[in-house]
Amino acid sequence: MRSHPRRFSRIIHQGLIYSLLLAVAILGLGGVGFWVIDPHIHTLSDGLWLAFTTAATVGFGDVVPSTHASRAFSVIVVLLGLAVLSLVTASLSAIFVEKEVEDEERQIEKDLMREIHHLRHEVAELRRDIQALSSSDPPSAH
């Protein structure tokens, strides 16, 4: 029972790492794609900046796609960026909520153990009462 929270924590942290790596890969490929497709993007850093502002849907306007192909590519980068950045946000949220969930689980476990102990005590008392009643009853002559 104790390994469950650790395993859950490890899965959450791995999810964050995987989604961050996926975000970096998409932004990197997006930057290279803009650099290759758009003739107005002269440096890889401009392509990466355009990929970031496009994926994050910020669109500062300092660097913009100038051809139909790069605009179509922008649509793909926006959709992938929204999906992956949402995963990153969800993973971060899960890490913040994780401690609270673990505390609640621990409290539920304590309450259940207390209730089980109480029920065992009641069962033992009922057994004693039944034994006392059965030993005090005279045998019937049926």
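Select Asp111 to begin: at 35% relative accessibility, this residue counts as partly exposed. Buried means under 20% relative accessible area, exposed means over 50%, and partly exposed lies in between, with a 1.4 Å probe and protein chains only. The model is predicted: local features need pLDDT of at least 70, side-chain atom pairs count only at pLDDT 80 or more, and totals for chains, interfaces and linings use all residues. Residues are numbered from 1 along each chain as its sequence is written, and side-chain values use heavy atoms, with hydrogens and water left out.

**First stop: Asp111 and its partner**

Asp111 and Arg114 form a salt bridge, with their closest N and O atoms 2.6 Å apart. The term salt bridge denotes a side-chain nitrogen of Lys or Arg within 4 Å of a carboxyl oxygen of Asp or Glu. The two residues are three residues apart in helix H3, so about one helical turn separates Asp111 from Arg114. Is Arg114 buried or exposed? At 53% relative accessibility, Arg114 counts as exposed.

Next, select Glu102, Asp103 and Arg106, which are linked in a network of salt bridges. Arg106 meets Glu102 through their side chains at 3.8 Å, N to O. Arg106 also meets Asp103 in a salt bridge, at 3.1 Å, N to O. Along helix H3, Arg106 lies four residues from Glu102, about one turn of the helix, and three residues from Asp103, also about one turn. Colour the three residues by accessibility. Glu102 counts as buried at 16%, Asp103 is partly exposed at 34%, and Arg106 is partly exposed with a relative accessible area of 34%. In the protein, the salt bridges number three by this rule.

What is Ser91 in contact with, leaving aside its neighbours within four places in sequence? Show Ile12, Gly15, Leu16 and Ser19, with which Ser91 is in contact. Contact means heavy atoms within 4.5 Å.

Two packed helices are described by the angle between their axes and the distance between the axes. Select helix H2 (residues 44-55) and helix H3 (residues 68-136): their axes come within 8 Å and cross at roughly 65 degrees. Axes are lines fitted to C-alpha atoms, for helices over the stretch in contact, and angles run from 0 to 180 degrees between N-to-C directions. The H2 and H3 crossing is right-handed: the near helix is turned clockwise from the far one by less than a right angle. On H2, display Ala51, Thr54 and Ala55; on H3, display Ser74, Val77, Val78, Gly81, Leu82 and Leu85, which together make the contact. By class, this contact has six nonpolar, three polar and no charged residues. Ala, Val, Leu, Ile, Met, Phe, Trp, Tyr, Cys and Pro count as nonpolar, Asp, Glu, Lys and Arg as charged, and the others, Gly among them, as polar.

**Last stop: the whole protein**

Finally, show the whole protein, which has three helices and zero strands. Helices (H or I, at least four residues) and strands (E, at least two) are DSSP runs, numbered from the N terminus. Of the 142 residues in the protein, 21% are buried.
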